[in-house]
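Please examine the structure shown below.

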Amino acid sequence: MDFGKRHVFVFVFLLATYWSRPVSARTVVIDEQTPGTTYDAILDGYPGFFTQDGIPDAGNNNLAIAWKAGAVEMRSVAEFPLAGLAGVTASDVIQAKLRFNVDDVLGFLGAPLSGCAAENIAVWVRAGDGSIPVSDFIVSGPPTAVVNTGPPCSITDTTLGSSGPVVFEVDITGAVQTLVGGNVPFANVVWATNSDNTGTSLDNLGINSAGPPGVRGARMPYVVVELAELPPPSLDAQTRRCQAVLAARSQAFQQLTQRQLSACTNRVLADIAKGRGVAKAMDFCVERLATSGGQPSFVLRARQRHQAAIQRACASPALVSALGPPCDASVTDGASLAQCALDRAFEAAQRATRSHNALLCAVLTAVGLQTQYTVGCQQ
């Protein structure tokens, strides 16, 4: 087996979060937890069962590679879904790395092996389809990379018992760029070795495959893709105005609510300290804070004004869509946007007040507003 000559050596409110698209570099990790990721190891030959002849015979094995001339070869295969890169262009891929570990050394695979890990591991990255038939054993052309694991027999179960799994990294940037550029849904990765009389486990089950999965930090192979920064959104004048009004009105409502909560708290505590009870303080607090019943309170009237202003500025559903996903997926128009943003501001005001006044809940309860300001009483 000729691997070629290429080698790898080894708020205010939270509106800024809601409506600011990410502009930092993005990292996408594709591993065994990613839906659609699959692994298998495929045999060619197995003394007493199959003949080693270059034609794959059987899959459904723990992930490993092996080579014993004239007796057996095992190659490992993985299918990594690229759905997490949807909408990405080849030029967006800054870097892609394939990471895998050696966590165990095979001593027998239908024939005695040396008990040493492979000195060379070749890796091919190509277009996949989400499945791993035994024919995926067959590769053509030079590998994407070849990893030198060290001098002969430098990795054994004894050394792994001391070091833990040994991790290797392969730069597969060019291959991933090609796959992304071709809108390929899966990356198919094949590992093989030409180190004779060796067997090398690449899974996460540890020495003797005793497990449990992840023992001593072992991992199944995975891919890490670094993507270019997203450009800042380009918003038209109407959308920018909607965004500005939304931020300003939400912040103003939060600050007003905080002031009224503080005023109510101070009045209740002052009246109690002077022996007056809470009857008059209750009227004071209800007049400023009540969200239902009787005449609209100062806070409720302010909310109505802010809501109307947001709805006017963000009347078109297209404006709401242009801002990105605000609050939650149910927000599709100006009315629901205003409702959601002001609800968040209302809750933020209670949390902010509670953070510097431990008696807030007791005061709200004393004046009968605890059910209208439930966040103020959360622990």
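A disulfide, defined as a pair of cysteine sulfur atoms within 2.5 Å, joins C116 to C153, with an S to S distance of 1.8 Å. The model is a predicted one, in which local features need pLDDT of at least 70 and side-chain atom pairs count only at pLDDT 80 or more, while totals for chains, interfaces and linings use all residues. Residues are numbered from 1 along each chain as its sequence is written, and side-chain values use heavy atoms, with hydrogens and water left out.

**The link of C116 and C153**
- The link of C116 and C153 is left-handed, with -55° about the S-S bond.
- This pair connects distant parts of the chain, 37 residues apart: C116 is in the loop between β7 (104-105) and β8 (120-128), and C153 is in the loop between β9 (145-148) and α2 (157-163).
- Helices (H or I, at least four residues) and strands (E, at least two) are DSSP runs, numbered from the N terminus.
- C116 counts as buried at 8% relative accessibility, whereas C153 counts as partly exposed at 37%.
- Buried means under 20% relative accessible area, exposed over 50%, and partly exposed in between (1.4 Å probe, protein chains only).

**Other disulfides**
- The count of disulfides comes to four.
- C242 and C314 form a disulfide with their sulfur atoms 2.0 Å apart; the torsion about the S-S bond is about 110°, so this disulfide is right-handed.
- C242 lies in helix α4 (residues 237-273) and C314 in the loop between α6 (298-313) and α7 (317-322), 72 residues apart.
- Both cysteines are buried, C242 at 0% relative accessibility and C314 with a relative accessible area of 0%.
- C264 is joined to C285 by a disulfide (S to S 2.1 Å).
- C264 lies in helix α4 and C285 in helix α5 (residues 279-289), so the pair ties together parts that are 21 residues apart in sequence.

**An open sheet**
- Four strands form an open antiparallel sheet in the order β1-β13-β6-β10, where two strands pair if DSSP finds at least two bridges between them.
- β1 (26-30) and β10 (166-171) stand at the edges, each with a single partner strand, so one side of each has no neighbour in the sheet.
- Six bridges join β6 (residues 93-102) to β10, and R99 stands opposite E169 in β10.

**The whole chain**
- The chain has nine helices and 13 strands.
- Of its 379 residues, 46% count as buried.
- Its C-alpha trace spans about 95 × 50 × 35 Å along the principal axes.
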